Amino acid sequence: MTTAKPTRLPARPHFSSGPCAKRPGWSPEALAGAWLGRSHRAKGGAAKLAEVIDRSRTVLGMPADYRLAIVPGSDTGAVEMALWSLLGPRGVDMLAWESFGQEWVSDVTKQLKLDDVRVLDAEYGALPDLSAVDWTRDVVFTWNGTTSGVRVPDGSWIPDDREGLAICDATSAAFAMVLPWEKLDVVTWSWQKVLGGEGAHGMLALSPRAVARLEGGPAPRPLPKLFRLTKGGKLNETVFEGATINTPSMLCVEDALDGLRWAESVGGLKGLVARSRANADALQAWVDQRPWIANLAEAEATRSTTSVCLKLVDTLADPKRIARLLEEAGAAFDIGGYRNAPPGLRIWCGATVETDDIQALTAWLDWAHGVAADEAEKAA
Ligand SMILES: Cc1ncc(COP(=O)(O)O)c(C=O)c1O
């Protein structure tokens, strides 16, 4: 069963689903221009923050009337800021099909304790029935479920004339998948995913309808300073121009700018999407030829092109053992399935990963599977 140990290692064995691989060619030199030891509110610092916002908007093709802010607390901070600030005036449909969606359900039911909540959920591998969503209500969902590798196929299920707000956690989708902005009222992401930035800060995009909700009246609950997006009943515009609510890491900011410049150099969003797609396709071509491994995502249209989650079938091999063998060999780091997900492997195929490295990895996966299966057979 065992196949020969490959000789060619991936040049960068970084396949973690977050923090994700740095962009090709990255070194700490990329941070040389960081605005350090100075106030982030001084002209130069404020300009860096505004540049992150501007470049992000441009690369993502965000409509001119959407607002974008850098917020504390990474993607979780951005999502929770939206939930706490916006929810209440309408009933809410919460969609969940893996760990992160479930976290947002827990926030809304157990912490916010909203009265009128419907949970539309599904097991790992599936999507809930998107046609059952009631768009007279607010809707909270994850574009790409990072821990199950299941994404919504597109935005066709979101009506243009919706009454509620579409609140979308897009952290492992932004910069790798096309987001239909006109269908989304709140979009959040972090820096450490598709562009390989550093963790700490979140990005929060708001549509004009989301802003109208914020300005329509105060949230029906106290909000900590960290969550406050309005001042005197009006949107605090300065936050959306780079005057962050509290102090950001200017080292992370410099790195985010480096990632954005790299994104532009590979053809912007189109180039980034193509890079992720090429990686996912290379991995899929290998999966399709192996009887012992399969996508966790049941439907092809819902397969993630970033966090590809795989399950083992008809084999005694333990995925944890495979992940450990590959880590020890220096062939792949951090590819065990998420702690709450069914046992399996999760391989990041985002834009900062090179397709050649995915190809090199597949030979190592064959090898590690052979070793793990042999060991399990002997032990049985
Ligand atoms: C879909 C999704 N939502 C939320 C999070 C949490 O993000 P953060 O750690 O940036 O707060 C993650 C992290 O992997 C994620 O994949």
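At what angle do the axes of H2 and helix H3 (residues 99-111) cross, and within what distance do the axes come? The model examined here is predicted: local features require pLDDT of at least 70 and side-chain atom pairs count only at pLDDT 80 or more, whereas totals for chains, interfaces and linings use all residues. Residue numbers start from 1 along each chain as its sequence is written. Helices (H or I, at least four residues) and strands (E, at least two) are DSSP runs numbered from the N terminus.

Two packed helices are described by the angle between their axes and the distance between the axes. The axes of H2 and H3 cross at roughly 30 degrees and come within 11 Å; axes are lines fitted to C-alpha atoms, for helices over the stretch in contact, and angles run from 0 to 180 degrees between N-to-C directions. H2 and H3 are therefore roughly parallel to each other, a class that takes angles under 35 degrees, with over 145 counted as roughly antiparallel, 65 to 115 as roughly perpendicular and the rest as oblique. The crossing of H2 and H3 is right-handed, the term for a near helix turned clockwise from the far one by less than a right angle, anticlockwise being left-handed. Val 79, Glu 80 and Leu 83 of H2 meet Trp 104, Asp 107 and Val 108 of H3, where contact requires C-beta atoms, placed from the backbone, within 7 Å. Four nonpolar and two charged residues make up the contact of H2 with H3, with no polar ones. In this division Ala, Val, Leu, Ile, Met, Phe, Trp, Tyr, Cys and Pro are nonpolar, Asp, Glu, Lys and Arg are charged, and the others, Gly among them, are polar.

An open sheet of seven strands has the order S1-S9-S8-S7-S4-S2-S3, with mixed pairing; two strands pair if DSSP finds at least two bridges between them. Strands S1 (67-72) and S3 (117-121) are the edges, each pairing on one side only. On average, neighbouring strands of this sheet are turned by 15 degrees against each other, direction ignored. Strand S2 (residues 92-96) runs parallel to strand S4 (residues 138-142), and three bridges join them. Opposite Val 92 stands Asp 138 in S4. H3 lies across S2, S3, S4 and strand S7 (166-169), at about 150 degrees to S2. Helix H1 (residues 43-60) lies across S1 and strand S9 (201-206), at about 130 degrees to S1.

Four bridges connect strand S13 (residues 307-312) with S14 in the antiparallel sense, and Leu 310 has Leu 345 in S14 as its bridge partner.

The residues around the ligand include Gly 18, Ser 74, Asp 75, Thr 76 and Phe 100, a residue being near a molecule or strand if its C-beta atom, placed from the backbone, lies within 6 Å of it. The shell comprises one nonpolar, eight polar and two charged residues. Helix H2 (residues 74-86) gives the most to this shell, with three residues.

Most residues other than glycine have a negative phi, and most peptide bonds are trans. Ser 74, located in helix H2, has a positive phi near 60 degrees. The peptide bond from Gly 18 to Pro 19 is cis, with omega near -10 degrees, and Pro 19 lies in the segment before H1.

Terms used:
Contact = placed C-beta atoms within 7 Å.
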